[in-house]
Amino acid sequence: MKNFITQFSRLFVGILFIISGLIKLNDPLGFSYKLEEYFSEPVFNMPFFVPFSLAIALFLVILEVVLGVMLLIGYKSKFTIWSLLILVVLFAFLTFYSAYFDVVKDCGCFGDALHLTPWQSFTKDIVLLVFILILFYNQKLIKPLFSNSIQNSLALTSIVLCAFMGYWVLNHLPIIDFRPYQVGTNIKTAMEIPENAPKSVVEMVFIYNVNGVNKEFSEKDLMSLPAGAKFVDRKDKVIVQGYLPPIHDFKLELNGNDYTQELFYKEKSLWIVAYDLEKANTGALENLNKLYKEATAKGYYVAVLTGSSSDEIASIKKKYGFTFDFLFCDATPLKTIERANPSFVVMHYGNIIQKVHYNDIDQLNLNPKY
């Protein structure tokens with residue numbers, strides 16, 4: 001019985017770590033954005049780690065997959081199980097912190113493939129911890145499946161393949177797109193809320209400074225405020241989350257005016273998505289005028305979608321001589337649309353027809369069959 005439970009734990013933990021790691025390895029930039037949230041001022045206030053978020057993300061997701069493989073084949077079981085234990089304790093701490101202090105809403109444990117609330121993520125980590133502790137106390141039952149030479153080769157192969165996959169998706173696009181802006185999606189439809197959809201229950205919370213300390217009060221508590229309390233701020237606290245459409249934060253502005261709906265009614269448009277113009281690939285920017293002429297000749301409306309400031313936009317337009325529109329959009333949905341900076345999105349009446357990384361610009365099809 002002990003051996004059965006141990007081997008089941010071995011399979012469960014190994015397979016789960018491989019699946020979780022591969023999903024995040026499919027989109028390491030997305031996971032790095034989550035790490036940036038943890039390093040931000042409202043959470044751990046460790047901004048010096050932000051520039052290394054992508055490197056840390058790649059290391060962690062490759063480690064997840066490789067440890068899962070090592071556990072399944074029984075390679076260096078003591079090192080593997082200790083590593084798994086340390087990793088799951090770290091993840092459990094992060095998910096508990098997110099849940100208890102209500103900071104990072106989605107830990108990104110399974111990328112965009114499966115969204116878990118912080119408490120669900122923490123529960124998952126506790127279950128994993130239990131299974132890993134079973135392995136920890138029964139290490140002698142974890143036997144290697146192959147000879148040493150084969151074990152070494154399999155472990156090394158898993159590292160090389162994971163590294164290659166990470167390199168590939170960073171220089172092209174995620175192999176599988178789990179995000180709400182997938183090819184084939186109609187953005188306008190994905191933003192709509194059904195008439196009978198459940199609505200959110202929101203409570204107004206008032207923040208007052210009482211004797212030098214900021215305290216929260218509900219609306220009914222305002223009648224009994226302590227003497228000398230000074231108003232600081234008001235915020236809305238979601239008690240019950242209602243229906244949230246797959247795309248709920250997408251808004252485009254042209255010269256300060258909402259241009260979102262107008263863009264959905266254009267037959268053919270080419271979006272150049274660059275969430276941060278200062279960080280955009282310069283080689284791709286240098287070729288935009290050529291692409292603009294080619295696309296407009298085929299009837300396309302061409303625009304850059306960016307989260308950069310008006311000053312940055314003016315500087316870039318002057319530097320490269322751009323005459324096409326620059327539409328402002330919050331950087332978060334732009335990062336979700338595509339990971340490359342810039343990337344190219346072919347649209348047809350609000351439908352996403354094609355998405356291309358700047359390294360694959362030669363694959364851009366301006367004559368698609370709708």
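Let me start with helix H2, residues 28–39, and helix H3, residues 53–73: their axes come within 8 Å and cross at roughly 115 degrees. This is a predicted model, so please keep that in mind throughout. The crossing of H2 past H3 is right-handed. On the H2 side, the contact is made by Pro28, Leu29, Phe31, Ser32, Leu35, Glu36 and Phe39. H3 contributes Ser53, Leu54, Ile56, Ala57, Leu58, Leu60 and Val61.

Next, Cys329. Where does Cys329 sit? Its place is the loop between strand E8, 325–328, and helix H12, 331–337. Is Cys329 buried or exposed? The relative accessible area of Cys329 is 0%, so Cys329 counts as buried. Leaving out residues up to four places away in sequence, Cys329 touches Phe250, Lys251, Leu252, Thr306, Gly307 and Leu334. Leu254 is 75 residues from Cys329 along the chain, and the two C-alpha atoms are separated by 9.4 Å.

Now the chain as a whole. There are 12 helices and 10 strands. The C-alpha atoms fill a box of roughly 70 × 70 × 45 Å along the principal axes. The chain has 370 residues, and 46% of them count as buried. Of the contacts with a separation of 6 or more, 71% are between residues 24 or more positions apart. The accessible surface is about 20200 Å², with 60% belonging to carbon and sulfur atoms. Last, the charges: 33 positive and 34 negative, with mean positions 8 Å apart.

That is what I have.

Terms used: Residues numbered from 1 in each chain as written. Predicted model: local features only at pLDDT ≥ 70, side-chain atom pairs only at ≥ 80, totals over all residues. Heavy atoms only, no water. Helix = DSSP H or I, 4+ residues; strand = E, 2+ residues; numbered from the N terminus. Buried < 20%, exposed > 50% of the residue type's maximum accessible area, 1.4 Å probe, protein only. Contact = heavy atoms within 4.5 Å. Areas by Shrake-Rupley, 256 points an atom, 1.4 Å probe, with all protein chains shown as cover. Lys, Arg positive; Asp, Glu negative; His and termini not counted. Charge placed at Lys NZ, Arg CZ, Asp CG, Glu CD. Axes fitted to C-alpha atoms, helices over the stretch in contact; angles between N-to-C directions. Left-handed = near helix turned anticlockwise from the far one by under 90°.
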